[in-house]
Every structure is written in C-alpha cells, then in structure tokens.
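Good morning, and thank you for making time for this presentation.

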Amino acid sequence: RISNVLLCNVTDRVSFWFVVTDSSKNVTTVPGSEVEAAIRMNRNRINNAFLLSDKTLQFLKITSTLSPPVEPSTPVWLIVFGVVLCLIVAGIVFLIVSGIQKHKKKNKESTERENLEEKVEVTLENGIPCEALDLKTGRVNGVFAADDERFTSL
Amino acid sequence: LSGTPETPKEDGRPKWDNKFQYILSCIGFAVGLGNVWRFPYLCQIHGGGAFLIPYFIALLFEGIPLLHLELALGQCLRKGSIGAWNTISPYLGGVGVGSWMVSILVSLYYNTVLTWVMWYFINSFQEPLPWSVCPLNENRTGFNEECYESTAVNYFWYRKTLNITPDIAESGTFQWWLILCLAACWAIVYLCTIRGIETTGKAIYVTAIFPYLVLTIFLIQGLTLPGATEGLIYLFTPNLNTLKNPRVWLDAATQIFFSLSLAFGGLIAFASYNPTKNDCEKDAVTVAIVNSMTSLYASIPVFSVLGFKATTAYWDCLDRNIISIINEFDLPEESIMRQNYTSWISFLNSSYPEKIAGLKLKNCDLQEFLDQSVSGTGLAFIVFTQAIILMPGSQAWAILFFIMLFSLGLSSMFGNIEGVFTPLLELQIIPKSAPKELLSGIICLISFLIALCFTLGSGSYWIDIFDRYAASVPLLVLAFFEVIGVVYIYKIKRFSEDVEWMTGRKLNLFWQITWRFISPLLLLIVFMAFVTLQLQKPPSYTAWNPKYEGFPMKEEKVYPPWVQAICVLLAALPCVCVPLVALFHLVKQKRRSKDPSFVPPEVFSCQGANS
C-alpha cells in the first residue's frame, strides 16, 4: 500500500531511496533481497506506472533481465545458403549435361565424317575419279612408259 | 591421301573468344583482395601520399617488366608453366614445377578466405545484423562475457565464425558451418572453371567488372558520411620523412610484386591461349596500370568509411564521458554537449579534481581512433563490418560489400586454378578421351578435402602461415629464376626477336635494360631484405585468448618448433624444385650422352614453331 512507502534523501534529479514496510509485522522493513526479487518480477508494471523504461528508470544493483533477440526456427543464413547452393548445383548439372551432349554430337559428327571420307576415298584414286579410270585396258603411266629400255632384260 | 592440310593455328588449343576477355582475365587475376585491404593500409602507415613515390618506381622497374616477360613467354611458347619452362630449357623445368606448387598452396588457403566472405554474405540477410548485438549470457542478466569485454563485431568474427582456439597447437573441432560454406565455394569455383577458359572467360565478365560498380557505389556513399573527409585527409597527407625508412621501399616493392600475381604460372597460362601475333607489350602495360589505379580507387571509399568509423567512435567516447559526468555531478541533461565538452572538463578539473579522477574518464582523441590501422581480414571482417552497422540500410551495404569481396577473390582464384589446370592438362594426367570436366572436378574435390584443415578451430592461424610463407619467399625466388632463365639461358637476343615477331615492332631499349639488369637486381635485393627481416626475430603470431589478462588485446605467442618446421617447408619446397629438377636433368643428360644413338633436341624458336 502507498502509505507503506516512505521517502528519504531526496535529490535534484529524480532519484530516491526507499524502504518497504510490512504493516502486518509491526512496521518492520521488508528485507532488501525480497524487495529486489519483487521489483525484478514486476519491473514491467513499475516502469509502466511511471511511463518509463528500463533505460530511464534505474534501480541500483538490480540489473534488468534482457529479452533475447527473436530467433526464427531455421536460422536465416541457412535458408540463404540453401538457395545459393541450389543455384550452383543447377549450374554445374546444366554445364555437365551440355558438355556431354556436345561431346556425343561431336563423336557422331566425326564418325559420320569418317564414313563420308571412306566413301570418298573409295571413289578417288590419285585424285582421279574412278569412273574416268574405268577403262578395260587401264591407263598408261607416262612416267614409266619411256623407261622401258632402262629395265634390265631377263 | 585424304583429309584437309593441317593449319598451324588449329592445334586444338582452346582460345579466348576475344581480346577483351583475355585482358579482363589478367586484370581480374591481378586485382584481388590485396588491392582493397592491403594497399590502403600500407598507404596509411607509410606516410600517405608519399608512399605513391616508391610504389610507382617499383611498378615501373619491377612490376611492368616482369609482367611483360611472363605474358610474352606464355604467348610465344603456347604452353602452361611446366611445359613452357621445359621448352626453354629442361634445366629450368623446376621453375615451372615450383610455380605450379605455389599455385596449389595459394588456391587452398585463398578459397578459405572466400569461405569466410561467403559466411558473412549469407549472414547479411538478417535484421539486425548478427555482428551488431552481443548474445545474452545464461541467466539473461547481461551480455556474454567474451562479447562484452571485446566488441560484438570481434565476438562474431572470432567466436561465431572462426570459433578460434587460443593456441595454434590446439586444433579444436571442425566448424560445420564453415565446411558447408567451403563446399559451396569450391562448387562455385568448379562451376566457373569446369571447362577451363571456355567457362572462366564468360564468368570473368561479371566477376571482374562488378567490383568496380560496387566500389563506385561505396565511393559515393562513403563521401557523404560524416568524418569521411578526416579519414581521406589522414590517408593522403604526404609525409615525405617516411621515405628515409628502407622498410617503406621494401613494402612498396613487395606490394607491387604480389599484387600483380607474378610467378604463379597463371599469367603464362592465360597468355598461352592467345594468338601468337598479339601485342603483349601493350597488354602488360595496360594490366599493370589498371591494377595500380584500382588500388588507388579502392582506397578512397575504404578510407572514407574508416574516417566515418573513427569519428563515430570518438563521438561515442565523448558521449560516455558526458553521461558519467552528468550522473556524478547531478547536472541537467544536455548541459554538456560534444562542442563544449573540453571547456566543461577543464572547469570541472580545476574545481573538483578528485571527483574527476575518480570517474576514470577515457581520454578521447580522434587521432588515436584514426591511427588504429588494420589490414587484411581484420579490415574487412572487423573494422568495415562495424562501420556498416552505423550506416542506414546496413543489410544492403553488407550484402554489396561481401559480394564485391567475393567477386574480387573469385577472379583471382580463376588465375590460380588456371595455373594448376593448364600444366596438368598438358602433362596428360588423365587420358585424352576423358573430358576436361573430369580433371577440373578432381582438382576441386581434392583441394576441398585438403582445405578442410582450415575449417578447424586453429584454421585461421594456419592461413596466416600459408599467406606469410608459401605465398611470399618462393614467388620472389621463382621470379628471379624466371628473369635469369629467359635473359641468360634462353638468351635475350632470341627472346627479343621472338617478341619483335609477336608485336610487330622492335623491342624498346627500356625492356632490354630492365630485363637484363634492373629487375633481377631489384628482385635479389628485395629477397635478401625480406628474408633478413623475417629472420630478425623468432616468428610469432597473435592469438585470441579470452583468458589472457590483457584481453581484448591479442596475446603475442611464438610458434612451436614443429610449426616453424612447417613454415620452412612451405617456403622451401617450391624453391627447392628448381635445383632438384636441374640436377635430375644433369644426371639424365650424362647418362644419355653415353648413348651413341642420342640426337640432341633442336633449338626452339617462337617463330619456328608457328610458321
């Protein structure tokens, strides 16, 4: 009750010492530790009564219990990390798959080209298309023809 | 006979899509994290604008000539580092092997730094930023003690990110969140380097250009912050007296050398994919100048932000003192402001000196806050993150900042990986029918597994060791042998003819002088000075130990002998390749010369191979 709060040692700045008496026990003061515990539990109500906060209303030797910062169930950084990792893995998979596809296409192209070249090889001989060579008698190679005399006779 | 005649250019070697890709790749390789977090620091501690003098002298006589040499070499020989040096002379093959080893060691730890950047990036999407508030202790009456004694930013870096152990000998446990980020980083590297320059050439457009955009945005933002001008004045005020200190010249030379990423083999690999008739001289000058300009350009936003941070810390210091004075003397609120603080303090000190002394007020000095210079990871993850909290819209700034750091580091990783990938491809480790994707996958997987060591509690101490020993002395030694090898073994006359053939004009006298005398001499001096400085005192490190009396100051500790042995091994292993391979070839040559059917290989010439 208000009448049980007695003031003493009032100073210029709004600061004061106080003791709380227990009317039921013959005007003895309530021990400091109990008062401290009571203030700690009801800090919010006392602050609101004065329209002050923990920073502007200070009880000496009673440190205010601080509220921990709000933490979401999954830490935010893990979510961001998950997003980043998904992007990276998607990029790697895309590049590997496109690499394999290019490799297969190149292999297919090179085997096709080889087949084509073989066919071309077949129909080319010394740069002359075989159709032109299709003579029953064959062609006489002028380089060697004139050298008949140089061959040793058997 | 069938088939089309073989044109000399179509030797199946991949090539750049266009010249711009090549230049951008070289620039991206050279411009890395060091341009942002080492150059501004050096500028600051070595007399501001005065540092630019030794810096540009080193650029002219050491940086550009060595860069030109490497690019010309790669372009002429059209091979990666190991193949190129084997072609120059089998006795010099060790230089290539050494470069390849350094590239591997650097790739391992550099990607772990990117892991930290990625961790901060994915944590930047929260409101409030996790490094802005301290977590509470168990009974929720106050903040976590370690966090309270240092700062929330320090706590997030040392505890929540690294979970650092107080000593390098204590390995601690694997940090699973770092393992996840490490896997993601190596996956990104694999994604970009999967087919060699085919894929990095596309990725480089983004990773090399994006940092410049972000730096510009930070520049505009930084200049509008309060205290930015103090920071910039502090940075650029020249103090010519510092030039008398030889340490300044040494730092300038080493900064230019390491900033241009010379002797890694990556530049040789990049140049080897060029057509041979390409102006390598112009390329070298372009890349070197762009790299230095980027360093300068990056230091402006960095120092605006640091000036802002120092000013804010100074104001906080003043405010705290004001509150304690007001409380003690029961003065009305707002009677003491920042502006009249000094007059009030002098008045109160003369009237009530004991009371003022009893308050134990901290002496607030703006200069002191500006003097707190940091470089390296401390700048990015502690100082800059603290500054970002103070800016409006901190999430956006944090996200931008860390993406920028990530792109800067990633484009440098491309060069490192290329220095590993190209020689392996040429040595034909995997059969020719196997796809390139397999080789890059194997490289990334093995690197990831080895780099898991850096995710231990003591990981960051090991990264410091790798940075200080594997990526410093061996590079100087290898670069020295590079210049000597080309000038005196391959012979400068042959090389200048090759370069003339490639660029289409006569080799300038400047290159002759620098290649023959100035650059090797400079390298020798820098190497000796560097080693002397390292040997002057036993190698030590600073450890984060919450149980230390001077906490939150870091504890100075000496490396245990087994760690020192590893340091020496890291520095010596790439260097020792050079004499080992030369010896191996000498023995092989002696044995071969006894064989009568042996025919000596024909002399290589750049033009001969390509005409």
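**Two chains and their contacts**

I begin with A:Leu51, which is found in the loop between helix H2 (43-50) and helix H3 (76-123) of chain A. Helices here are DSSP runs of H or I with at least four residues, strands are runs of E with at least two, and both are numbered from the N terminus. Phi of A:Leu51 is near 55°, a positive value in a residue other than glycine. A:Leu51 is exposed, at a relative accessible area of 77%; exposed means over 50%, buried means under 20%, and partly exposed lies in between, with a 1.4 Å probe and protein chains only.

Some conventions are needed. This is a predicted model, in which local features need pLDDT of at least 70 and side-chain atom pairs count only at pLDDT 80 or more, while totals for chains, interfaces and linings use all residues. Residues are numbered from 1 along each chain as its sequence is written, chains are lettered from A and ligands numbered from 1 in the order in which they are written, and side-chain values use heavy atoms, with hydrogens and water left out.

Let me turn to chain A as a whole. Chain A has five helices and five strands, and from the N terminus on the order is β-β-β-α-α-α-β-β-α-α. Of its 154 residues, 11% are buried. Contact means heavy atoms within 4.5 Å; among the contacts in chain A with a separation of 6 or more, 5% are between residues 24 or more positions apart.

What forms a nonpolar patch on the surface? The members are A:Val5, A:Leu7, A:Val14, A:Phe16, A:Phe50 and A:Leu52, with about 600 Å² of accessible area together. Such a patch takes residues with over 30% relative accessible area and no salt bridge, joining nonpolar side chains (Val, Leu, Ile, Met, Phe, Trp, Tyr) within 5 Å, and like charges within 9 Å. Accessible areas come from the Shrake-Rupley method with a 1.4 Å probe, and for residues only the protein chains shown count as cover. A:Val5 sits in strand E1 (residues 5-8) of chain A and is partly exposed, at 42%.

Next comes the interface. Here 24 residues of chain A are in contact with 33 residues of chain B. The area buried between the two chains is about 2400 Å², with 72% from carbon and sulfur atoms; buried area is the accessible area (1.4 Å probe) that two parts lose on being put together, summed over both. There is one salt bridge between chain A and chain B, that is, a side-chain nitrogen of Lys or Arg within 4 Å of a carboxyl oxygen of Asp or Glu. The partners A:Lys102 and B:Glu198 have their closest N and O atoms 3.8 Å apart. Both belong to a network of salt bridges that also includes B:Arg195, B:Lys436 and B:Glu437.

Finally, chain B. B:Arg13 and B:Glu426 form a salt bridge at 3.1 Å, N to O. The pair links distant parts of the chain, 413 residues apart: B:Arg13 is in the segment before helix H1 (19-30), and B:Glu426 is in helix H19 (residues 394-427). B:Arg13 is buried at 18%, whereas B:Glu426 is partly exposed at 27%.

The backbone of chain B also deserves a look. The peptide bond from B:Glu127 to B:Pro128 is cis, with omega near -5°. B:Ala263 has a positive phi, near 65°, and is buried at 0% relative accessibility.
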